[in-house]
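The stops below go from one residue to its surroundings, then elsewhere.

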Amino acid sequence: MHQLVAASPVSNDRTSPERPGVSGAAEAEPSGKHGAVQSGSWRRNSGKQIPYCSHANVVEEHWTMTDAPADIPYSVLGLNHLAVAVPDLEAASEKYRTVFGASVSNPKPQPEHGVTVVFVKLPGLTIELLHPLGDASPIAKFLQKNPRGGLHHVCLTVDNINHAAQHLKESDVNLLGDGKPKIGAHGDPVVFLNPKDTNGVLVELEEASGEMHNFTHEKW
């Protein structure tokens, strides 16, 4: 188990044996199931000491959050998946399975979208691996510019796709294609937003369903 070093004020004395540049730093054992420590403490990692704090602590202690308007007619429920375009679907699937310990679905062709899809399941995160299907595939064009692959889009889950689409149009955010929801790889309606209107990021919205994120070997 890695030892943790509690943070102390920096002084001119740089001879501290616990952490260079810190005077009187005291060793502390990890607390909690995963050795979590409070914001501002230090964590030893492979012989190096790096500052460590939880994301929740950073948000709560250092940022002032502004709530969204109350009249938005739909809700974003969370991150649905990240989509990654890959030149070799089998190799990418195997890497996520053996290197990151993920569960992976079998490949599923989506001819209406010009892709073959593999879903990668990790705790709290689904990754969608995309490989071109057909010469007109938009993923083929993406891989021509990015031959090693890369992040293709971010998908957010919403409670009502039609309300979301209407609100986006009224907010001058353009939808790709004809702007009408289409059935996506999960079997639920989706729309894609023009990345010119979303800070250069291709964003997909998918309406929530009871089977969200729960791919099975029978379904895939």
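Helices (H or I, at least four residues) and strands (E, at least two) are DSSP runs, numbered from the N terminus. The model is predicted, so local features need pLDDT of at least 70 and side-chain atom pairs count only at pLDDT 80 or more, while totals for chains, interfaces and linings use all residues. Residue numbers start from 1 along each chain as its sequence is written, and side-chain values use heavy atoms, with hydrogens and water left out.

Select Val191, which lies in strand 12. Val191 has a relative accessible area of 4% and is buried (under 20% relative accessible area; exposed is over 50%, partly exposed in between; 1.4 Å probe, protein chains only). Leaving aside neighbours within four places in sequence, its contacts (heavy atoms within 4.5 Å) include Ile161, Val203 and Leu205.

Next, select the largest nonpolar core, 12 residues including Tyr74, Ile161, Leu175 and Val191. Such a core is a set of buried Ala, Val, Leu, Ile, Met, Phe, Trp, Tyr and Cys residues joined through side-chain atoms within 4.5 Å. Helix 4 (161-170), strand 12 (189-193) and strand 13 (203-207) each give two or more residues to this core; helix 4 gives the largest share, 4 residues. Apart from this core lies another of 11 residues, among them Leu89, Tyr96, Ala102 and Leu122.

Stay on Tyr96, which is buried at 18% relative accessibility. The ring centres of Tyr96 and Phe100 are 5.4 Å apart and the planes are at 35 degrees, so the pair is tilted (centres within 6.5 Å; under 30 degrees is stacked, over 60 edge-to-face, the rest tilted).

Methods. Rings of Phe, Tyr and Trp (its six-membered ring) pair if their centres lie within 6.5 Å; planes under 30 degrees apart count as stacked, over 60 as edge-to-face and the rest as tilted.
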